[in-house]
Amino acid sequence: MGLERAFADEPAFVPYLAAGDPNYEASLEYVEALARGGADAIELGLPFSEPIAEGKTIQNAIVRSLEAGMTPDRFFEFVEDLDVDVPLVCMTYYNLIYQYGGGEGPRPFVEKAAAVGIEGLVVPDLPGEEAGPLRTACDEFGLDLVFIVAPTTKGDRLERMLEQVSGYVYVQARLGVTGAREDVDDATEESLARLSDWDVPKAVGFGIKTGDHAERIVSAGADGVIVGSALVDIVAEGHENGDSTDTVADRLETKARELKDGALRGASERPQPERT
Amino acid sequence: MSTDDAHDPKFGEYGGQYVPEALMPAIEELTDAYQRYVLENEDGFMDEFRERLADFGGRPTPLQYADQLSARYDTDVYLKREDLLHGGAHKLNNALGQVLLAKYMGKERIIAETGAGQHGTATAMAAAHLDMPCEIYMGETDIARQRPNVFRMKINGSEVVPVTVGRGTLKEAISETMREWATTVENTHYVIGSIVGPHPFPKMVRDFQAVISEEAREQAIEKTGGLPDTVLACAGGGSNTMGTFAHFIEDTGVDLYAVEAGGSSLQVDEEEGVAPNSATLSTGDEGVLHGARTKLLQDSDGQIMESHSVSSGLDYAGVGPELAHLVDEDRVTPVNVDDDAALEAFHRLSQDEGIIPALETAHAFGYLEEHHDEVGDSVVINVSGRGDKDLEIAIEETSKRDLDIAPDMSIFDSVGRSPTSQSSGDEPRDSVGGGGL
């Protein structure tokens, strides 16, 4: 059930794009291209003006999307207009969720998200300490609430988090902010080792850029890889060069396939399956 | 002052810890250090802090009777002279406290944000004084128009890191410093500049700034035999405000006014996402920004607005959660003063009392001019900072207006040079953040 099904048979490739980047129509094409390229679930960013967990690549995507008119209501229309058959996760910041309720807390946002087909939420500025009301609303409407495990999350914090996790855990591969990198950080393997006995899919994000990265991370025990900035870079470059929507969509599909294939290779290299 | 323990992250519904998970362990560590060193004086932390505030900072600052203003308003006006603190503003109280705490915690490096540069300069001074490496994140727009404070930070040995995203001002600088902290959190302390951000920052910064009201209250009793009827302080993020109010909170006979920047108008342009003011307590709505639930200038979707004030130290779309709570509890009254009235007050205090205030501070005096018949028989005003660095912007802004009180600057015409020929940027700001961040 829920988002866990995206990880059921094989390692999952979970791409991220900011919805509406660089505009509504092109962004629909781009998300659909990722699904064709092998995405098992898709994280859609609902842009917030102060994205404190994002690096420059996604900050710029958020600016493009906001300037093209993205709002929470347009985001929900966007999700309804999408023609994909994989689970969709909304990644946004808490103030947008909170304000959508017009004084009623996070419930109205979650209700609307569920109605348009969103199956989970990732909220980077909402640690477990503040997640109670959103957790309650997600439970009511059957959404998963995905928590981020950072390299600094250890001991008691890790234990408390296990009680709140649903769908999958977002394993932050390195300290810092989002952004494509040239290597895989050792912190990734240490984090996966700390979570090895958790019975919930572990998806690693932050810094993954190539199929080889995906391979290495899955072979180290991840159940999936989350890739954002490396894909947003393709959108940004196409936008700057004035490339056609079809051209950019093709590049995204190709990149998606590279990442998915890398993840599959990684699974075949594991000594033995971690999960039955 | 407010009684609350280190582990309660809330002020009523406000406050909390809305930050990325990667920062939470550091915030737990900081909360523990705040409890032990600040609240319990472990290892004599507070004794050392007080001693350094006295010897390095120059505390206590005087509570001065203002002869001319008292006569003008027919009420006793007392000035709490934070402008005489080392660095020229109240900012050092907090910066010195946090850099010292970072040392006690074994951190190896300091980062801080700054808008106009006054918190940055205070942090740079404290870091040099305590021999800690320091990097200050500052919007590129602010760097261009706050050159003197950039010089001061660099001369004190700090790195100044330009923030190029967004409009390149304080809001972006705070976001970027949080990102940097998320990267280097294991050995770095983030010295936040006001009573904003995630718990424990709002309480801790208040406690470091509370020395203002601790002194002022004692000094008022000593000089007048009693408490003032009213206490006034300007409010941006709110660190000088809470510092000035903290020890008067339980004196319910003392009226507390937080004077915000009314900018050019209290109206907002929702389409453009711009509020031409920073009157967050007066006009803002509840929301979550930079780690805390508080009052914000935001549009109906929850996107944060660009604020504006002639004084960049007040120019912020959020405000400290404790102030938001005290306003809801009717303990603090939020009021506001527009750019014009603040500029008039800047000149009046300079001419009548021989004190050139920061433009932030001038807002509090603008309120006194407009409402002096409502403040009772005695009033304490916090002179949160001096205005030396504001001179260029104050003259430029004055020249755009028809203020009777403005000094005659035609002397520059006779030497063939405009008094404002060196200023840059089409959206000028001052450079001493007497209030705010």
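Contact here means heavy atoms within 4.5 Å. The model is predicted.

**Helix pair in chain B**
- Helix α1 of chain B spans residues 24-39, and helix α9 of chain B spans residues 201-209.
- The two helices pack at an angle of about 25°, and their axes are 11 Å apart.
- Angles under 35 degrees count as roughly parallel, so α1(B) is roughly parallel to α9(B).
- The crossing of α1(B) past α9(B) is left-handed.
- From α1(B), the contact draws on Leu30(B), Tyr34(B), Val38(B) and Leu39(B).
- Their partners in α9(B) are Phe201(B), Lys203(B), Met204(B), Arg206(B), Asp207(B) and Phe208(B).
- By class, this contact of α1(B) with α9(B) holds seven nonpolar and three charged residues, with no polar ones.

**Annotated active site in chain A**
- An unreviewed UniProt entry places the annotation "active site" on Glu43(A) and Glu54(A).
- Of these residues, Glu43(A) and Glu54(A) are included in the lining of the largest cavity.
- Glu43(A) sits in strand β2 of chain A, which runs over residues 42-45.

**Annotated domain in chain B**
- UniProt, in an unreviewed entry, lists residues 57-385 of chain B as "domain: Tryptophan synthase beta chain-like PALP".
- Helix makes up 40% of residues 57-385 of chain B, and strand makes up 20%.
- The end C-alpha atoms of residues 57-385 of chain B lie 14 Å apart.

Key. Residues numbered from 1 in each chain as written. Chains lettered and ligands numbered in written order. Predicted model: local features only at pLDDT ≥ 70, side-chain atom pairs only at ≥ 80, totals over all residues. Heavy atoms only, no water. Axes fitted to C-alpha atoms, helices over the stretch in contact; angles between N-to-C directions. Helix = DSSP H or I, 4+ residues; strand = E, 2+ residues; numbered from the N terminus. Parallel < 35°, antiparallel > 145°, perpendicular 65-115°, else oblique. Left-handed = near helix turned anticlockwise from the far one by under 90°. Nonpolar A, V, L, I, M, F, W, Y, C, P; charged D, E, K, R; others polar. UniProt positions renumbered as here; feature names shortened; annotations may be inferred. 1 Å grid on protein atoms, 1.4 Å probe; cavity = no way out; pocket = protein on both sides within 12 Å on 5 of 7 lines; lining within 4 Å.
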